[in-house]
Amino acid sequence: MPKRFSPPNDDICIILQDRLYDLLALASHAKQAHWTVTGRNFLTLHEFFDSIFTTLTGFADELAERIAALGGHVKGTIKFVAKGSQLPEYPVDITKAEQHIEAFSKALFQLKMLLRGNVRTVAELEDDGSVDLLTSMSRKIDELCWMVGAQIEPR
Ligand SMILES: [Fe+2]
């Protein structure tokens, strides 16, 4: 059976799939923080991490559907995410707000840098639709980095 799609699409799908793994992993980190954070700002952080989960799963949905639109086959189960994500594992034994903010910021920053690199690579592959998608995600992740960092109490 002839291949329906050109090699550039395969390369783009690999990149999008890699970021899908990271987005789904980071979304699980946000829920972990949502469930276990404690302290004075509990309610604010509890709701904040849940809103991040919603944002990240929304992005994951857009990425997965872009992969499908390009003819790729999406892999989004927990086992594939655990194997495929490049982000560090989230510490499950922490409870303090500062610990969660630090751990979450670290992975968020890593995703930010990976997305920026992907925007350039996908631009070279001349896929404007995927560039647009990754650029809008990259901008929102930049904003999240700022918002998460701003939760740290000034000393
Ligand atoms: Fe909840």
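A nonpolar core is here a set of buried Ala, Val, Leu, Ile, Met, Phe, Trp, Tyr and Cys residues joined through C-beta atoms within 7 Å. A residue is buried if 20 or more other C-beta atoms lie within 10 Å of its own, exposed if 12 or fewer, and partly exposed in between, with C-beta atoms placed from the backbone. The model is predicted: local features need pLDDT of at least 70 and side-chain atom pairs count only at pLDDT 80 or more, while totals for chains, interfaces and linings use all residues. Residues are numbered from 1 along each chain as its sequence is written.

The largest nonpolar core comprises 37 residues, and those with the most contacts inside it are Leu20, Leu23, Leu24, Leu26, Leu56, Ala60 and Leu108. At least two core residues come from each of helix H1 (7-36), helix H2 (42-69), H4 and H5; helices (H or I, at least four residues) are DSSP runs, numbered from the N terminus. H1 gives the largest share of this core, 13 residues. Leaving aside residues up to four places away in sequence, Leu26 touches Leu56, Leu87, Ala107, Leu108 and Leu111, where contact requires C-beta atoms, placed from the backbone, within 7 Å.

Two packed helices are described by the angle between their axes and the distance between the axes. Helix H4 (residues 97-124) and helix H5 (residues 128-149) pack at about 155°, with axes 9 Å apart; axes are lines fitted to C-alpha atoms over the stretch in contact, and angles run from 0 to 180 degrees between N-to-C directions. H4 and H5 are therefore roughly antiparallel, a term for angles over 145 degrees. By class, their contact has 16 nonpolar, six polar and three charged residues; Ala, Val, Leu, Ile, Met, Phe, Trp, Tyr, Cys and Pro count as nonpolar, Asp, Glu, Lys and Arg as charged, and the others, Gly among them, as polar.

The loop between H4 and H5 contains Glu126. Most residues other than glycine have a negative phi. Phi of Glu126, however, is near 60°, a positive value. Glu126 counts as exposed because it has 10 C-beta neighbours inside 10 Å.

Two further positions complete the tour. Gly84 is found in helix H3 (residues 78-84) and is partly exposed, with 16 other C-beta atoms within 10 Å. Gly84 touches Asp18 and Tyr21, residues up to four places away in sequence not being counted. The C-alpha atoms of Gly84 and Arg19 are separated by 9.2 Å, although these residues are 65 residues apart along the chain. Glu153, in the segment after H5, is exposed, with 9 other C-beta atoms within 10 Å.

Methods:
Parallel < 35°, antiparallel > 145°, perpendicular 65-115°, else oblique. Contact = placed C-beta atoms within 7 Å.
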